[in-house]
Amino acid sequence: MVTIDTERLSDRLPREALLDRVMGPERFLKPSQLLRDGRAPKLAIVARDGREIVGTVRLWEVDAGGRPALLLGPLAVAPERQGEGIGSRLMRSALNRATALGHGAVILVGDAPYYTRFGFSADLTADLAMPAKVDPARFLAVELREGALAGAAGAVTVDVEMVRGIAAPMTGEAWRVAA
Ligand SMILES: CC(C)(COP(=O)(O)OP(=O)(O)OC[C@H]1O[C@@H](n2cnc3c(N)ncnc32)[C@H](O)[C@@H]1OP(=O)(O)O)[C@@H](O)C(=O)NCCC(=O)NCCS
């Protein structure tokens with residue numbers, strides 16, 4: 001049975017192995033990586049089946065053109081387990097947890113045909129810029145709180161105060177989401 005759970009310290013190596021398998025080394029060259037390098041994520045969620053990590057998603061605090069937001073990614077599901085709904089469960093859990101923590105918006109760079117089902121749209125990022133060039137059709141956002149990205153314009157950056165305030169996300173209550 002697949003459970004959605006907070007990532008633990010012991011999940012780090014299998015998570016990295018999963019990402020290598022799903023995305024290969026190019027994952028380190030993505031524009032989003034410029035906002036993730038050397039930082040701890042705010043939220044880190046895994047899908048486990050027994051002792052195996054079969055999916056992962058992480059979210060990182062950023063400044064989106066003057067508005068606080070979470071940058072989602074990478075999201076990956078083990079190739080042999082894709083199409084079972086695990087990615088959707090990870091996404092729903094990520095958005096629910098982000099909302100519960102009071103975050104107002106989530107941004108990402110990814111396939112619009114996949115992410116629109118979770119409410120993401122390129123309209124909300126029209127005035128925003130990632131640190132490297134991305135296809136505007138793949139630069140997406142969703143508001144968890146209406147108007148959270150209103151007036152957001154300019155670069156997506158790592159705000160120094162945000163980084164200072166980041167707490168280790170691996171500790172504390174182990175969330176288990178039945179969704
Ligand atoms: C994208 C990914 C996370 C989806 O996870 P998953 O567990 O397979 O997704 P789900 O089972 O919840 O959903 C499957 C649905 O998503 C669709 N889908 C999967 N990947 C898609 C994509 N890249 N673009 C559009 N639709 C996609 C499937 O066709 C299926 O559609 P259906 O519900 O109409 O049948 C997974 O396929 C994956 O890890 N892909 C490789 C890594 C990657 O590309 N990650 C980032 C996505 S931009």
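Two strands count as paired here if DSSP finds at least two bridges between them. With that in hand, here are some close-up views of this predicted model.

**Figure 1. Strand β1 meets strand β2.**
Strand β1 covers residues 2-6 and is joined to β2 by 5 bridges. The two strands run antiparallel. To find your place in this pairing, look for D5, which stands opposite V46 in β2.

**Figure 2. β2 and β3 make a hairpin.**
On to the pairing of β2 with β3, where 7 bridges link the antiparallel strands. The hairpin leaves 2 residues between β2 and β3. In its turn sits G50, whose phi is positive, at about 65°. A handy landmark is L43, standing opposite L59 in β3. Is β2 enclosed or open? Of its 7 residues, 5 are buried, so β2 is largely enclosed by the rest of the structure.

**Figure 3. A view into the largest nonpolar core.**
This core holds 45 residues. Which residues have the most contacts inside it? They are L71, A94, V106 and I107. Two or more core residues come from each of β2 (43-49), β3 (52-64), β4, α2, β5 (105-109) and β7 (139-143). Zoom in on A94 and, leaving aside neighbours within four places in sequence, you will find it in contact with L43, I45, V57, L59 and L72.

**Figure 4. The shell around the ligand.**
Here 16 residues surround the ligand, and the closest are Q82, G87, S88, G110 and P113. By type, the shell divides into 8 nonpolar, 6 polar and 2 charged residues. Which elements each supply at least two residues of this shell? They are α1 (12-23), β4 (67-77), α2 (86-100) and α3 (112-115).

**Figure 5. K30 in its loop.**
K30 lies in the loop between α1 and β2. Why is K30 called partly exposed? It has 18 other C-beta atoms within 10 Å, and partly exposed residues fall between the limits of 12 or fewer for exposed and 20 or more for buried. K30 and P74 are 44 residues apart in sequence, while their C-alpha atoms are 10.0 Å apart in space.

**Figure 6. Confidence along the chain.**
The chain averages a pLDDT of 91, and 89% of the residues score at least 70. One stretch to view with this in mind is residues 165-179, where pLDDT stays under 50. For that stretch the model has 26 contacts beyond four places in sequence.

Definitions and conventions
Residues numbered from 1 in each chain as written. Predicted model: local features only at pLDDT ≥ 70, side-chain atom pairs only at ≥ 80, totals over all residues. pLDDT = per-residue confidence, 0-100. Contact = placed C-beta atoms within 7 Å. Near = placed C-beta within 6 Å. Helix = DSSP H or I, 4+ residues; strand = E, 2+ residues; numbered from the N terminus. Nonpolar A, V, L, I, M, F, W, Y, C, P; charged D, E, K, R; others polar. Core = buried A, V, L, I, M, F, W, Y, C linked by C-beta atoms within 7 Å.
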